[in-house]
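User: I am new to protein models and would like to learn how to read one. Could you take me through the structure step by step?

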Amino acid sequence: MATTTDMLSPPAAPSPIEWLRKNLFGDIFNALLTIVSLAFILFALVAMARWVFFTADWRPVTVAPLLYLVGQYPRGEIWRPGLSLLVSTFLLGMSWGVWERYVKAFAIFIGALLGILALIPLEAASITLAVRAAFLANPILIYLGYRIGRLPAVSGRHVFMLWLVASVLITLVLLPGIQGVPDLPKIATTAWGGLMVTLLLAVGGIVLSFPIGVFLALGRRSSLPVVKLFCIAFIEAVRGVPLVTLLFMFSIMLTLFLPPQARIDRLVRALIAMVLFSAAYTAENVRGGLQAIPPGQVEAAKAVGLNNFQITTFIVLPQALRLVIPTIVGQFISLFKDTTLVVIVGINDLLGIGNAVLNLNPEFVRLQMEVYLFIAAIFWVFSYFMSYASQQLERALGVGER
Amino acid sequence: MATGEYIHEKIPLWRDERVLRAVAQVVSTAVILGLLYWGLVNFLEITRQRGMSLAYGFLDQPAGFPIAETFIPYAPTMSFGRAFLAGLVNTLVVSAAGVVLATVIGFIVGLARLSSNWLVSRIALAFIEFHRNIPLLVLLAIWYFGIFSQLPRVQESLTLPGPVYLNQRGLYLTWPRLSETGEIFLISVIAGIILAVIAWVVLRLIREKTGRSTYFGTVSLAILLLVPAIGWLLSGGSPLRFESPELRGFNFQGGLRLSPEFAALLFGLTLYTAAFIAEVVRAGIQAVSRGQLEAARAVGLRYTQVLSLIIIPQAMRVIIPPLISQYLNLTKNSSLAVYIGYQELFAVGKVTINQAGRAVPVFIMVMATYLVISLLTSLVLNIYNRRIQFIER
């Protein structure tokens, strides 16, 4: 009947005028608030635009754009980070093809970002056509990878193995180079810098800390008192101190606890500190996931005759880890932001490069604001879209629905 | 019978759960202690070779380095221990000020985020998203290197209403100071707070025992206002003087001066944490289901009553635990001050390592101090959590 359909149909979207009246001019107080806020926004936007386009002097940024990306990495060897990027984006595309919605938002974001970067109209000697082409190739490679990943012959296991091989080759062979090989000369990590180091520390930190964190979480819930005690002590001790103290401790004190002949690269020392720090937080997140698994699952698994190891690996962990993926992404974002602290132990990450540019050019002494805002903008874009992508991921995973 | 035989059959050692558990514990203990022992042996070997001292005797020796800004008397001739204490006080002062300000701003922004006015809610969202997606260290760099070190010289100070003066040497605020008779007022304020708390607790207990209304809220509020008011009168009506900074010669005198380092750290830390607190507040208020509000309205409570009796008590239950962990984060994040040159605990520790050359003892002290602060906070949190837990059917 007509009346029933009328009743069942959803209410029509409010007209713009209605929306304005409801959300901005509900009563006198609200209307006043709206006008004040409008004035404030207008004032802020105009002031900001004037500063960005007229007052600000962006020379410290435009004078050496590549510095912010790869630091002092020899310009003749710049193809190595470039190739690493291309391989990574291709694999990202393949992951999108295989895992569909879980990776989709990340892949599209990275592709769009790099595509835009390639087309930015910026004249600089270091931005050659080859550099632009390398950036522009990324979205294409992501798409190619996506098509290949969609092929029925390609499975998640293949892509995972490829990621494993690629990350080992990139971080241990391609970027540092090999002593004595003329085509791949060794490049000390002191020359590494910029966004490359920031991303390496963040990705390395989260990937390496993940297994440790899972073990710590299982250990904390273990029925063995000694194991439990050690895990709790480690987790609480690490979570109780600021990351700076850990970074500083590992950068100056790690060598005191190793045999005298042991030499550990300072980037690796910083990475170890980040990994241990992140592992303690991962452990707490994973513990949250473990606690959310209803005890009936374990009881049912016991009843079917699985042993403890099988229950953990086949029943509890897969469900618990699925639950905590969004929190892990959130933790990745905060780790990504926390990588800036390595500047305090003298590593030239993105922020460190900014400082170096400012300190080496006396003419830039009044241009601090420009540099730091530029760096802030990079971090903002990455973190904001990463958290957006993680919301999409949450939806794909159906967290809170099942 | 078959089952009987089965029970009496001896379980092989490698499948006996008790044996397995014992072995697992012994092995894991051995591995961890072994690692620690290995590290310790290496450490002792290296310290012996380099002739490093591990004792804490150096704490009594003169520190020899200045601390630009302290809240307890300190001079380079004083001991390392005193320097450490001054650093700790600096950390606590900036954390305490940050906690108070961040709470106020965080609640305002959190409520603005929930405002029915679309624009206000968007402005709050912009504030939150700006701060949450930029590393704190970069924000501190913007505040310190971008703003506070670029300020004009003293003679050309920026003047804000208040009056507040901003220049190279920092931020000068008008600040209340106790006058000669101010102590009487101060004592009466403290007495008022204590009496009000006692009245609150006692009257509330009486109400819980007898069920009669004791007006504990009104009574304790009255005490809180009345006792200081009496003190105000006793002190002759002017216990406080508002002291404005004045330009005398080459510098401002009077008022309260915040150094550029302290001000930058305080602004950066406060706003950063406020953004997180705003999200905590929003989540807490949204956690109170709409039905609660509607039911309260239906029973005939006024809007203010709904807020104070229904919404806030339930929201606070959700808000306080993450709020306290934000306070803890703020305290730990204050260690980033080393980057902009405010000398708090970590920065003093760093200088002490260079001056005294004793990395390990100093580091143990610094980390243990942070750890104690964290553990005390989580202790408070656990006690609170246990107290507020819903008693469910």
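**Reading the model**

Analyst: Of the 402 residues of chain A, 34% count as buried. A residue is buried if 20 or more other C-beta atoms lie within 10 Å of its own, exposed if 12 or fewer, and partly exposed in between, with C-beta atoms placed from the backbone. This is a predicted model, in which local features need pLDDT of at least 70 and side-chain atom pairs count only at pLDDT 80 or more, while totals for chains, interfaces and linings use all residues. Residues are numbered from 1 along each chain as its sequence is written, and chains are lettered from A and ligands numbered from 1 in the order in which they are written.

User: How many helices and strands are there in chain A?

Analyst: Helices (H or I, at least four residues) and strands (E, at least two) are DSSP runs, numbered from the N terminus. Chain A has 17 helices and zero strands. Its C-alpha trace spans about 85 × 70 × 50 Å along the principal axes.

User: At what angle do helix 16 and helix 17 of chain A pack?

Analyst: Axes are lines fitted to C-alpha atoms, for helices over the stretch in contact, and angles run from 0 to 180 degrees between N-to-C directions. Helix 16 (residues 350–360) of chain A packs against helix 17 of chain A at about 165°, with the axes 10 Å apart. Therefore helix 16 of chain A is roughly antiparallel to helix 17 of chain A. Angles under 35 degrees count as roughly parallel, over 145 as roughly antiparallel, 65 to 115 as roughly perpendicular and the rest as oblique.

User: Which residues of helix 16 and helix 17 of chain A meet?

Analyst: Two residues are in contact if their C-beta atoms, placed from the backbone, lie within 7 Å. L350(A), L351(A), G354(A), V357(A) and L358(A) in helix 16 of chain A meet Q368(A), V371(A), Y372(A), I375(A) and I378(A) in helix 17 of chain A. By class, this contact of helix 16 with helix 17 of chain A has eight nonpolar, two polar and no charged residues. Ala, Val, Leu, Ile, Met, Phe, Trp, Tyr, Cys and Pro count as nonpolar, Asp, Glu, Lys and Arg as charged, and the others, Gly among them, as polar.

User: How do helix 13 and helix 15 of chain A cross?

Analyst: The axes of helix 13 (residues 266–291) and helix 15 of chain A come within 8 Å and cross at roughly 140°.

User: Where does D57(A) lie, and is D57(A) buried or partly exposed?

Analyst: D57(A) sits in the loop between helix 3 and helix 4 (59–62) of chain A. D57(A) is partly exposed because 13 other C-beta atoms lie within 10 Å. D57(A) and E370(A) are 313 residues apart in sequence, yet 7.0 Å apart in space, C-alpha to C-alpha. Leaving aside neighbours within four places in sequence, D57(A) is in contact with L367(A) and E370(A).

User: How many residues of chain A are in contact with chain B?

Analyst: 44 residues of chain A are in contact with 43 residues of chain B. Helix 17 of chain A gives the most to the side of chain A that touches chain B, with 10 residues. The residues of that side of chain A divide into 31 nonpolar, 10 polar and three charged.
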